[in-house]
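Here is my notebook from an afternoon of looking things up in one structure. Have the picture open beside you and follow along.

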Amino acid sequence: IQFILMLNTCFLVIETYENIPGQSKITFLLQAIRNTAAAEEARQMAAVLLRRLLSSAFEEVYPALSPDDQTSIKSGLLLIIQLETQSSMRKKICDIVAELARNLIDEDGNNQWPEVLKFLFDSVSSQNVGLREAALHIFWNFPGIFGNQQQHYLEVIKRMLVQCMQDQEHPSIKTLSARAAAAFVLANEHNLPLLKHFADLLPGILQAVNDSCYQNDDSVLKSLVEIADSVPKYLRPHLEPTLQLSLKLCADASLSNMQRQLALEVIVTLSETAAAMLRRHTNIVAQAIPQMLAMMVDLEEDEDWANADELEDDDFDSNAVAGESALDRMACGLGGKLVLPMIKEHIMQMLQNPDWKYRHAGLMALSAIGEGCHQQMEGILNEIVNFVLLFLQDPHPRVRYAACNAIGQMATDFAPGFQKKFHEKVIAALLQTMEDQGNQRVQAHAAAALINFTEDCTKLVLEQVVTSIASVADTAEEKFVPYYDLFMPSLKHIVENAVQKELRLLRGKTIECISLIGLAVGKEKFMQDASDVMQLLLKTQTDFSDLEDDDPQISYMISAWARMCKILGKEFQQYLPVVMGPLMKTASIKPEVALLDTQDMENMSDDDGWEFVNLGDQQSFGIKTAGLEEKATACQMLVCYAKELKEGFVEYTEQVVKLMVPLLNFISLIMKRVRVAAAESMPLLLECARVRGPEYLTQMWHFMCDALIKAIGTEPDSDVLSEIMHSFAKCIEVMGDGCLNNEHFEELGGILKGKLEEHFKNQELRQVKRQDEDYDEQVEESLQDEDDSDVYILTKVSDILHSIFSSYKEKVLPWFERLLPLIVNLICPHRPWPDRQWGLCIFDDIVEHCSPSSFKYAEYFLRPMLQSICDNSPEVRQAAAYGVGVMAQFGGDSYRPFCTEALPLLVRVIQSPDAKTKENVNATENCISAVGKIMKFKPDCVSVEEVLPHWLSWLPLHEDKEEAVHTFNYLCDLIESNNPVVLGPNNSNLPRIFGIIADGEIHEAIKHEDPCTKRLANVVRQVQTSGGLWTECISQLNADQQAAIQELLNSA
C-alpha cells in the first residue's frame, strides 16, 4: 500500500511539473535546488530537470523572462555553487551554469554573461578545492565559454590548465584539469596554431591518464581516445610516450578490462585516423599485436557452451571480443603489408599450442585480419585454407567453432575466387562438421559458414540449412532449374504446416527461400507453383494480421512479396490491397530519438540499442535503432513496387510520398538505406502518378521538391548524397520546363556553387596531405578513394545541370552564369582529367540544349574543347568529341569554322594504332560519330565525298549505343538517297554495308524497338527482292552475320 501511495505521489508531482509554464519552471526548480532542507535526491532531480529545460527549451523559456529575473538566475546559480557543500550536487549546478553559458553566446560569439568568466578566474585561483573543481568542471563542460574573447584569454587559459595539472596535493584537480584541457583541444580541432601552442600540455594530460587509471578513474583515458579520434595530429609531438603509455596500461592485468581496452583503443583509433603517422612507429605496432592476441586468449571455460540456445558468441565487453575487433580494425587501418608479417608467426605458434584457448584465438585472429590483409593473404590462401580445415577435426568444440568462423569469414573476404578454388574441399569439410550431433553451436556455425560460402557475399544473413538452399538458388540462378521440382514441394509443405509459434523463424525463412528460388528460375518455370505460393502468402498475411511487431516472419514476408512482384510483373497488382498495409506499417516505424549531453550519454552507453552522433559542445544526438533494419527493407520494397508496377501503383502514390519525403532527412548513420530508398522512390512515384494527369503530378512534385533540394544541401554521406542528386535530376526530367520556381533556382544555385567550391577545396587539401611528413603509398590510396568520392558527386552536379538544360533550354542561362567561373575552372589544362571530362560534359549540354545562345560562352570552352580531342585521357577525348558532334548538330552557323578545324583532329584519334582498345574504344566511337554529324549537319564544312569512304570503313559502332543509333540513321539516310559514294559503282559496296548492319545486330548496337531498326530492315528487304544482288551480299557474310540479318528481319 505504501509503495502504491508513493507511486501515486510521484505521478502527481510529474503531472504538476508538466503543467507549470516554462518560465515558472525555472523559478520553481531553482527554489528546489536552494532548499538545503530538502532530500538530496529531490535537489539533484531538480538540477537535472533545470539543465534539461535549458538544453531543450531555452529559446521558449529564458528570453521571455524579465532582465531582472535573468540577472537573478545567473547570480543565484553562481552563489549556489559557492555555498554548496555536497560535491555531486555542486557538479550538477556546474552543468546548469555551463548549459546556460552555452546558450548565452550569441551568433557573433559575444558572451552575454561576463560575470561567469570572472567567476571562473576567481574560482580557479581559490584556496577552496571545491570551487577550483567547479571552475574546471564548467570549462570542461563548455570549453567555448570565452566566445570571441578566447584569443585574448589564451595565455590565461593555458596558465590556468598548466597550474592545475601540476597540483600534486589534489588528484581531483589534476584529473579535471586534464579533462578540461582535452575538451579545449577537441573544441578547437581545426585551429592549428592553437593546437601547436597547447602541445606542451600533452605530457600533463598523459601523466593524468596514468595516475587516474590507478585511482580507478578512466575519464581522462576516454578523453585521450577522443583526441586520437578527432585531433590525432595534436599527439604527434609526444606520440611515442602516448603509445608507450597506452601499451603499458593495456598490458597491466591489475587494471580493469575496460581500462585495458580503452588503452588499446588509443592505438587502434590512431591506426584508423592517423595510419601514416602510426606506421612510422612499427615498434609500437609490433608490441600491440601480441597484446591483442593475449586478450583474445582471455576466455572462460563453459560446460554448457556446446549446446547453449544463445548463438551469440561471448559478451561484447569481453577482452576476447575487444582484442579481435582491435586486430580487425588495425589490419584495415595500417594495411596487410605492415601487419601480416608481424602477426603471421604469432598465429602459427598459437595454432600449435596444446591449450585450446590459444588455438581458438589463433583462428579468430585469422578471421579478423582477412579484410585488412586481403592482398597479402591471397598469395598464401591455399596454405591457409588447408591448415584451417585441419582444425574442423580439433578435439575441442570451440576450436572447431573458430575454424568454421575462419572459413565463413574467408569466404566473404576473398569471394568469389575463394569459392572457385576451394569449393570441393571446403563444402565437404563443412558438411561433415554439420553432422557434429553433440555440439549444436558447432553445427549451426558450420551451416552459417556454408551459407557464407554459397552466397558469394550476397549477405542474406540466413542461419539455417533451408536457407542454404535459397542461397544456392540465388547464386546459381537458371542453373537451379533442374533441382526446382526436388525442393519446391517440401518447401511449400513447411509453409503450410509450420504454424506453431516456435517455428515462426523457420517458416519465415522458408517463405524467403521460395521467393528466392522463384526469382532464380524465372517466371516460366515458377508459374506452375505461383498460384499455390500466392495463396499460401495471402493466408499467412490474413491469418497473422495480429502478428507481434517483432515477429521474424514480417521482414521475410515483406521481402518475399517484393520478389513475387518482380516475378509476376503487372499480374501482381491484384495483391497490393493485402500487401500494402503491413508494409506501410513497417516502413512507418518511428525510432526513439533524444538530444543528450555527455553525462546522459554515458548513462546510456551500455544500451546497444542506441546510436549516437556527436554534435560538439558535449552534446550528442541519440537514435534508438530497434526496428530500423526492417524499416529500411520495407522502404526498399516500396521502391520495388513503384518501379515494377508503374501506373499500377498509382492508388498508393499519395500515402507513399507522404511517408518517403520526410525520410530524406532521416538521421541515422547506420540507416543510410532508408534515405537512399526515399530518394530513389521520388522519380518512380512521379512516373506512377502520370496517369492521374498533370494537376495531380504537379501537386506531388511540389510536395517533394523543397525536401529534395534541402537534402542535397544537408546530406552528410556522399553515397546517399549522390543518390539524392541523381533522383532530383530524374525528377526534373519527368516534370520538365516550369517545375522549378525562382526560389528553387536561387537555393539550388547556391547549393551547387557550394558543392563545386567544396570540390576544389578538397583537392587542395589532398595536395597538402601529399606534402605531409607522414605521406606514404597507403595514404595515397586513401586520398584516391576520397578523390573518387568527390568526382562521383561532380558527376551528379553534371546530371542536375543536364536535366535543367534539357528541360529549360536557353532561358536558364542567366541563372547558370553564377556557376560559370567554376565550370570554366574545371576545364583548365592543369586540372585532373575527371574535372576536365565533366566540365566539358556540362558545356556539351549547353551547346546541345541552349544553342544558338550557347555561342556567347565560346570564348571559355571552344579552345579547351578542340585541344581536348587529342587529350591523353580517353574520357576527356570522348567528352570533347561528343561536344564537336553536338556543335555540328545543334550549334548553328557560328560553329562552322570550328567543325572544320576539329575534323583532322578527330581523324587523328580514329586512325591511331590503339584506337579500338578497350580503354579507348568509346572515345574513338564518339569521334567517328562526330565526323558523321559534321557531314550530315554541316556538309559545307567538309569534303563529304572524300571523307565518306573512310567513315564507312570505321563502322559499325557497338560500344556507345547512343552514338551507334546516330551513325546507323545517317547510313540509312545515305542509302535511301542512293548516295553513289556509299553504294559504290553498280552497288558494289552493298556486301560491305550488309556486313556493317549484321555486325551491329550481333553486338546489339540498336534496340529492336528503335525506329532505326525498321529502317535497316527495309534496306535489307529492298536488296532481298533483287535476286542476284541478295545472293551476292549474303554469300559474303559468315554464319553469325547471316543469322543476325535474319534476326533483324524477324524483329522488324
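Predicted model: local features only at pLDDT ≥ 70, side-chain atom pairs only at ≥ 80, totals over all residues.

## Notebook: cysteines, charges and rings

My scale calls a residue buried under 20% relative accessible area, exposed over 50%, and partly exposed in between (1.4 Å probe, protein chains only).

Residues are numbered from 1 along each chain as its sequence is written, and side-chain values use heavy atoms, with hydrogens and water left out.

**Entry 1: disulfides**

How many disulfides does a search of the whole structure find? I got 0, with a disulfide taken as a pair of cysteine sulfur atoms within 2.5 Å. As a reminder to myself, a disulfide is a covalent bond between the sulfur atoms of two cysteines.

I then looked up C332, whose sulfur has its closest cysteine sulfur in C373, 8.2 Å away and too far for a bond. C332 is partly exposed, at 39% relative accessibility. C828 is in no disulfide either, and the nearest cysteine sulfur, that of C841, is 16 Å away.

**Entry 2: the whole chain**

Next I stepped back to the overall picture. I noted 52 helices and 3 strands in the chain; helices (H or I, at least four residues) and strands (E, at least two) are DSSP runs, numbered from the N terminus. The C-alpha trace spans about 115 × 75 × 60 Å along its principal axes.

Of the 1052 residues in the chain, 54% are buried. The chain exposes about 47400 Å², and carbon and sulfur atoms supply 52% of that area; the areas come from the Shrake-Rupley method with a 1.4 Å probe, and for residues only the protein chains shown count as cover.

I also looked at contacts (heavy atoms within 4.5 Å). Among contacts between residues at least 6 apart in sequence, 71% join residues at least 24 apart.

I picked helix α4, residues 67–83, which has 17 residues. From its first C-alpha to its last, α4 reaches 24 Å, close to the 24 Å expected at 1.5 Å a residue; the expected span is 1.5 Å times one less than the number of residues. Which residues of α4 are buried? My list reads Q70, I73, K74, G76, L77, L78, I80 and I81.

**Entry 3: salt bridges**

Side chains of opposite charge can pair when their charged atoms come close. I counted a salt bridge when a side-chain nitrogen of Lys or Arg lies within 4 Å of a carboxyl oxygen of Asp or Glu. The search of the whole structure gave 51 of them.

R766 and D790 make one of these, at 3.2 Å from N to O. This pair links distant parts of the chain, with R766 in helix α37 (residues 742–770) and D790 in helix α38 (residues 777–808), 24 residues apart. Both R766 and D790 are buried.

E780 and R770 form another salt bridge, at 2.8 Å from N to O. Here E780 sits in α38 and R770 in α37, 10 residues apart. E780 is buried, at 17% relative accessible area.

Is D893 buried or exposed? D893 is exposed, at 55%, while its salt-bridge partner R896, 2.9 Å away between the closest N and O atoms, is partly exposed at 25%.

I also found a network of salt bridges linking K233, R236, R280, D772, E773 and D774.

**Entry 4: aromatic rings**

The structure holds 27 aromatic pairs. Rings of Phe, Tyr and Trp (its six-membered ring) pair if their centres lie within 6.5 Å; planes under 30 degrees apart count as stacked, over 60 as edge-to-face and the rest as tilted.

The rings of F139 and F184 have centres 5.5 Å apart and planes at 35°, so I wrote this pair down as tilted. F139 is in helix α7 (residues 129–141) and F184 in helix α9 (residues 171–187), so the pair ties together parts 45 residues apart in sequence. F139 is buried at 1%, and F184 is buried at 0%.

The rings of F745 and Y808 have centres 5.1 Å apart and planes at 80°, so this pair is edge-to-face. It links α37, which holds F745, with α38, which holds Y808, across 63 residues.
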